[in-house]
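Trainee: I'd like to go through this model with you. Can we start with the pockets?
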Amino acid sequence: MKALSVCVDTASPVPPYEQVRIQIADLIIGGHLVEDDRLPTVRQLAADLGLATGTVARTYRELESAGLVRSRRGAGTRVAPGHAPAPESGLVQAARTFVTTGRRLGADDAQLLAAVRVALSAPPEK
């Protein structure tokens, strides 16, 4: 089981389950967690983050609904196959370019993610 670098900002307006869901999804999609990697148990992650077990259980249910993880009694929660981009895909290269440019402009992680969310919510270009 890989250690997760996940944290919760109690001052954020984003609910804790959503903060954790986003971070785990990012770890999976970014290739830091790969197929069959085991996630901590609900109880363990809840204790590590100082959250209620129901909060983490909701996070895992949301991730399972999205097809990013699969849970089985006795086998735990594991990363589902087929979600990490190939290391040299065009999408990863574009993301690296965006992050590099953003860093040169002085942006931190939160600002970079906010910019992506704005871009995702804009109408598609024709």
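Mentor: Helix α5 gives the largest share of the lining of the largest pocket, 9 residues. Helices here are DSSP runs of H or I with at least four residues, strands are runs of E with at least two, and both are numbered from the N terminus. This is a predicted model, where local features need pLDDT of at least 70, side-chain atom pairs count only at pLDDT 80 or more, and totals for chains, interfaces and linings use all residues. Residues are numbered from 1 along each chain as its sequence is written, and side-chain values use heavy atoms, with hydrogens and water left out.

Trainee: Which elements each supply at least two residues of that lining?
Mentor: They are α1, α4 and α5 (109-121). The lining comes to 36 residues, and those nearest the pocket centre are Ile22, Asp26, Val99, Leu113 and Val116.

Trainee: What volume does the largest pocket have?
Mentor: About 1600 Å³. The volume is the space filled by probe spheres set on the grid points, which are joined across faces, edges and corners. A pocket is an open set of points on a 1 Å grid over the protein atoms alone, where a 1.4 Å probe fits, with protein on both sides within 12 Å along at least five of seven lines; lining residues have an atom within 4 Å of a point.

Trainee: Is Ala115 buried or exposed, or in between?
Mentor: Ala115, in helix α5, is partly exposed because its relative accessible area is 34%. The cut-offs are under 20% for buried and over 50% for exposed, with partly exposed in between (1.4 Å probe, protein chains only). Its C-alpha atom lies 9.5 Å from that of Gly102, 13 residues away in sequence.

Trainee: What span should α4 have, and how far apart are its end C-alpha atoms?
Mentor: Helix α4 covers residues 90-104, 15 residues, so at 1.5 Å a residue it should span 21 Å, and its end C-alpha atoms are 21 Å apart, in agreement. The expected span is 1.5 Å times one less than the number of residues. Just after α4, Gly106 has a positive phi of about 90°.

Trainee: Which residue has a positive phi although it is not a glycine?
Mentor: Asp36, at about 75°. Asp36 sits in the loop between α1 and α2 and is partly exposed, because its relative accessibility is 36%.

Trainee: Now the core. How many residues are in the largest nonpolar one?
Mentor: It has 19 residues, and Ile24, Leu33 and Leu45 have the most contacts inside it. Two or more residues come from each of α1 (16-29), α2 (42-49) and α3 (53-65), and α1 gives the largest share, 5 residues. A nonpolar core is a set of buried Ala, Val, Leu, Ile, Met, Phe, Trp, Tyr and Cys residues joined through side-chain atoms within 4.5 Å.

Trainee: What does Ile24 touch?
Mentor: Beyond four places in sequence, its contacts (heavy atoms within 4.5 Å) are Leu4, Val6, Leu33, Leu39, Leu45, Thr59, Tyr60 and Leu63.

Trainee: And where is Val20?
Mentor: In helix α1. Val20 counts as buried because its relative accessibility is 1%. Not counting residues up to four places away, Val20 touches Val6, Val8, Leu45, Leu49, Leu51 and Thr59.

Trainee: Last one: which side chain makes a polar contact with that of Thr77?
Mentor: The side chain of Ser71, at 2.9 Å. A polar contact is a pair of N or O atoms within 3.5 Å; within protein, one must be able to donate a hydrogen and the other to accept it, and residues adjacent in sequence count only if both atoms are side-chain atoms. Thr77 is in strand β2 (residues 76-79) and is buried, with a relative accessible area of 9%.
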